[in-house]
Amino acid sequence: MSDAATKSDAAMKPGWTPRSAWAGILSEGSFGAKGPAGVTATAREGLGIASLIVAEGGDAALAKAMKARFGLALPSTPQAAISAGRALVWAGPGQWLFIAGDRGGFADDLQALSGLAAIADQSDGRAVLTLSGDKIRAALAKGCMIDLHPSAFSVGSSALTSIAHIGVHLWRAEDGPNGAVFEFMVARSMAGSFWSWFSASAAEFGCQVTIPRACRVGRG
Amino acid sequence: MRIPCPHCGARDAQEFTYLGDANPKRPDGMEATEAAMFDYVYQRDNPAGRFRELWYHGAGCHAWLVVTRDTKTHAIEAAEPAKPTKAGAAA
């Protein structure tokens, strides 16, 4: 018998640890112009994310369940319904993203929606940044074709678009201390490319990057 | 050129993929003659002027649209979902 075969199963198991979608991409701190940061970027991690797609005519039943269980109104236009800890973002006709602030109970949430929509867990497949700051619109305007002015893009508005050839899903959350707050979601595999564009665009305004302490597990 | 997507609003044409003429209807392949299938697959008009054409909003709502466009001026008269929305279905 070889040495390998005599090792216990536990010793043979690879050490899987969760790795942030932004690991090795974001560094905490500031970059670009000195002085007060015109732009802030905060990594969002540990989110529960699922895509929901209803069969034709199935939205009424899903809307009823969403309202009853989560108090969220199912948007039929590019909007995001946001409550404490959860969001429901329009993702095309008959399609939505359901997002929970943490994954505790997320499986139960999805189970409760079972049968009402085609549900696919996207939690590890997307990368999300919260972007804000006095100069955020000027930084985003370098590549984002959506008009993000408050008169055209109010709190709760959402959009699917392309930035630097990268598919982006974005929505506007409640205003924060630095004004408008935007959530930007990209496919996890595009996180590095998106950051390459955004960091170059934001540098002239000075950018402060925050990585929540609770989310530093597995940073590369 | 900007296309007024009925779901997303006006968006740059780079968000869309062009398919072409929205008018041909696929004949029943089991019944149709070879000539009818040939016409469906290969024969296309190339009008100078008003044209109904299919566009796919791949970088946005992922919906197929029928866009009525003037091929001489690029003026867009209408953009509507290619799939008719049934009563009670999501907008």
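User: Is H165(A) buried, partly exposed or exposed?
Analyst: This is a predicted model, in which local features need pLDDT of at least 70, side-chain atom pairs count only at pLDDT 80 or more, and totals for chains, interfaces and linings use all residues. Residues are numbered from 1 along each chain as its sequence is written, and chains are lettered from A and ligands numbered from 1 in the order in which they are written. A residue is buried with 20 or more other C-beta atoms within 10 Å of its own, exposed with 12 or fewer and partly exposed in between, C-beta atoms being placed from the backbone. H165(A) has 11 such atoms within 10 Å, so this residue is exposed.

User: Where is H165(A) found, and what is its phi?
Analyst: H165(A) sits in the loop between β9 and β10 (166-176) of chain A. Strands (E, at least two residues) and helices (H or I, at least four) are DSSP runs, numbered from the N terminus. Most residues other than glycine have a negative phi. In H165(A), phi is positive, near 65 degrees.

User: Which element of chain A gives the most to the side that touches chain B?
Analyst: Contact means C-beta atoms, placed from the backbone, within 7 Å. By that rule, 17 residues of chain A are in contact with 15 residues of chain B. Both α3 (59-70) and β9 (158-163) of chain A supply at least two residues to that side. The most, four residues, come from β9(A).

User: What pattern does chain B follow along the sequence?
Analyst: Chain B has one helix and six strands. Read along the sequence, the pattern is β-β-β-α-β-β-β.

Conventions. Two residues are in contact if their C-beta atoms, placed from the backbone, lie within 7 Å.
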